[in-house]
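Dear colleague,

I am handing over the structure we spoke about, with the sequence alongside it.

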Amino acid sequence: MPARMGGQKGIYLFLKYVSNKIPVICYASNDNEPSASENFITKKILGTGSSRYYNLLNFFKLKKEFKKDGITHLIIEHPYLGWLGVLLKHFAGVKLIVHSHNIEALRFKSTGRWWWRILWQYEKWVHRQAHHSFFITVEDKNYAIANYKLNPSLATVITYGIEQAQAPALTEKEIAKQKVIQLHGLPNPDFILLYNGTLDYEPNLDGLRTIVNNINPVLMTQQQFTYNIVICGNRLSPENKTWLLEHNNKNIFFAGFVHDINLYFNAADMFLNPITDGGGIKTKLVEALAANNTTVSYSNGAIGIPDGIAGNKLTVVADDDATSFANAILQQVQHTKDVIPDSFFHHFYWGNIVDKVRSILQSIK
């Protein structure tokens with residue numbers, strides 16, 4: 001806290017909305033900066049840096065705090081502190097729930113980390129020790145049931161959510177679009193195409209390279225409409241920033257880190273998601289669809305979005321097929337004024353998601 005990146009926002013909003021239903025205490029690392037607006041209590045007792053992942057003293061601190069606070073259920077975010085959760089399960093008498101945001105071992109396998117098999121065994125052990133596991137996609141849940149041998153009744157999909165219950169009005173999007181155009185001095189294009197992400201994360205950087213090197217050259221050959229591809233994101237290395245700025249005269253604009261990403265989601269006509277690596281649901285795709293952006297995604301990048309739930313606002317193409325991706329953009333511009341179905345918001349609205357969470361926690365006695 002404050003939550004800035006997609007994964008951080010996923011945890012923060014989960015806590016925010018669960019705490020609207022049941023009392024929540026967040027035991028956090030010391031580098032968090034909670035605000036007075038949260039419904040949940042934050043206790044910064046886990047330390048900072050990598051040592052918090054193996055500091056045995058945290059077991060004694062938490063065991064004492066749990067007794068004082070009357071804690072009955074413990075949810076850990078990701079499996080990394082699983083060893084600590086298992087100890088507290090046995091010695092503090094709490095029910096352990098693992099909130100998985102990816103199959104972490106497979107995420108690191110996809111980015112070429114040699115030690116992913118070690119993490120796979122550890123992740124399996126943590127989930128098998130839990131009273132219940134939350135997974136962010138059906139695909140992750142099914143993988144864990146098949147490969148970690150989990151009891152299907154002890155695994156539930158708790159997706160990444162959104163705070164709004166309906167799409168922004170088209171007039172609201174047009175106001176945001178004109179604001180971004182004026183803010184950056186864009187040449188009033190017919191369409192703004194948006195891409196965003198943390199740009200030192202290799203899957204996001206690969207997506208950026210795909211847009212610049214493979215997709216944009218195809219778009220530049222068409223004469224149907226004018227466009228600008230706006231890139232938002234932080235942590236881009238100096239050499240990659242130099243490379244990207246060289247394309248500023250090719251309908252590409254690098255906005256860098258922006259404080260209000262929602263303004264850019266609302267301003268965009270289309271969202272580009274050429275992601276083939278990483279795991280779990282792509283939070284930025286959910287947010288883009290919630291802003292009523294017409295989107296084009298590689299298959300891997302669309303995992304976690306149920307088929308048909310976004311209507312004609314989402315087109316999925318085969319991974320690494322940049323030509324088909326560019327052609328899909330050309331076809332999808334006709335749907336930029338369409339409105340995403342209500343079914344999307346029913347599925348992804350946090351208020352609905354946490355009702356399921358509360359029901360499961362109440363059932364674990």
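At what angle do helix H1 and helix H14 pack, and how far apart are their axes? Before the answer, please keep in mind that this is a predicted model. Helix H1, which covers residues 6-18, packs against helix H14, residues 350-363, at an angle of about 70°, and the two axes lie 9 Å apart. Because angles from 65 to 115 degrees count as roughly perpendicular, H1 is roughly perpendicular to H14. On the H1 side the residues that meet the other helix are Gly10, Leu13, Phe14, Tyr17 and Val18, and their partners in H14 are Trp350, Gly351, Val354 and Val357.

Some details of the backbone come next. Most residues other than glycine have a negative phi, and most peptide bonds are trans. In the segment before H1 you will find Pro2, which is joined to Met1 by a cis peptide bond with an omega of about 0°. His78, although it is not a glycine, has a positive phi of about 70°, and this residue sits in the loop that runs between strand E3 (73-77) and helix H3 (82-91). Asn292 is not a glycine either, and its phi is positive at about 65°; the residue lies in the loop between helix H11 (283-290) and strand E11 (294-298). Is Asn292 buried or exposed? Its relative accessibility is 0%, so Asn292 counts as buried.

Another residue to look at is Lys177, which has its place in helix H7, residues 170-184. Since buried means under 20% relative accessible area, Lys177 counts as buried at 6% relative accessibility. Which residues is Lys177 in contact with, if its neighbours within four places in sequence are left aside? The contacts of Lys177 are Pro189, Asp190, Phe191, Ile192, Ala267 and Asp269.

Finally, there is a point about the surface. Leu56, Leu57 and Phe60 together make a nonpolar surface patch of about 320 Å². Of these residues, Leu56 is found in the loop between strand E2 (41-44) and helix H2 (57-69), and because its relative accessibility is 46%, Leu56 counts as partly exposed.

Conventions:
Residues numbered from 1 in each chain as written. Predicted model: local features only at pLDDT ≥ 70, side-chain atom pairs only at ≥ 80, totals over all residues. Heavy atoms only, no water. Patch = residues over 30% accessible without salt bridge, like charges linked within 9 Å, V, L, I, M, F, W, Y side chains within 5 Å. Areas by Shrake-Rupley, 256 points an atom, 1.4 Å probe, with all protein chains shown as cover. Salt bridge = Lys/Arg side-chain N within 4 Å of Asp/Glu carboxyl O. Helix = DSSP H or I, 4+ residues; strand = E, 2+ residues; numbered from the N terminus. Buried < 20%, exposed > 50% of the residue type's maximum accessible area, 1.4 Å probe, protein only. Contact = heavy atoms within 4.5 Å. Axes fitted to C-alpha atoms, helices over the stretch in contact; angles between N-to-C directions. Parallel < 35°, antiparallel > 145°, perpendicular 65-115°, else oblique.
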